[in-house]
Amino acid sequence: MSLAGAIADARKSATRMYINNFADKGRQNTIDMLLGRLVEQRPVYLYDPVNDLVNYELRERYSIPVIAG
């Protein structure tokens, strides 16, 4: 490995560390809000007709509780 390659790798690592620790918080908050995971937020229910149909059919067929998710 050359000195230039080592310096480039160190720069990429430092940039990645900065983004992950300081710049990514806003993006994560947005994702948490859309998924209903913020403190004191009402849960968000995603519409998934295929999963709902499969769970319904399994409950009817086997009469056992099915946990999905």
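In this predicted model, D32 sits in helix α2, which covers residues 25–35; helices here are DSSP runs of H or I with at least four residues, numbered from the N terminus. D32 is buried but has no salt bridge, and R37, the nearest side chain of opposite charge, lies 5.0 Å away. Buried denotes under 20% relative accessible area, exposed over 50%, and partly exposed in between (1.4 Å probe, protein chains only). A salt bridge requires a side-chain nitrogen of Lys or Arg within 4 Å of a carboxyl oxygen of Asp or Glu. Leaving aside residues up to four places away in sequence, D32 touches R37, L38 and Q41, with contact taken as heavy atoms within 4.5 Å.

D24 is partly exposed at 22% relative accessible area, whereas R27 is exposed at 58%.

Helix α2 also holds I31, which counts as partly exposed because its relative accessibility is 39%.

Just after α3, S63 adopts a positive phi of about 50 degrees.

Residues are numbered from 1 along each chain as its sequence is written, and side-chain values use heavy atoms, without hydrogens or water. As the model is predicted, local features need pLDDT of at least 70 and side-chain atom pairs count only at pLDDT 80 or more, while totals for chains, interfaces and linings use all residues.

Conventions: Helices (H or I, at least four residues) and strands (E, at least two) are DSSP runs, numbered from the N terminus. Lys and Arg count as positive and Asp and Glu as negative; His and the chain ends are not counted.
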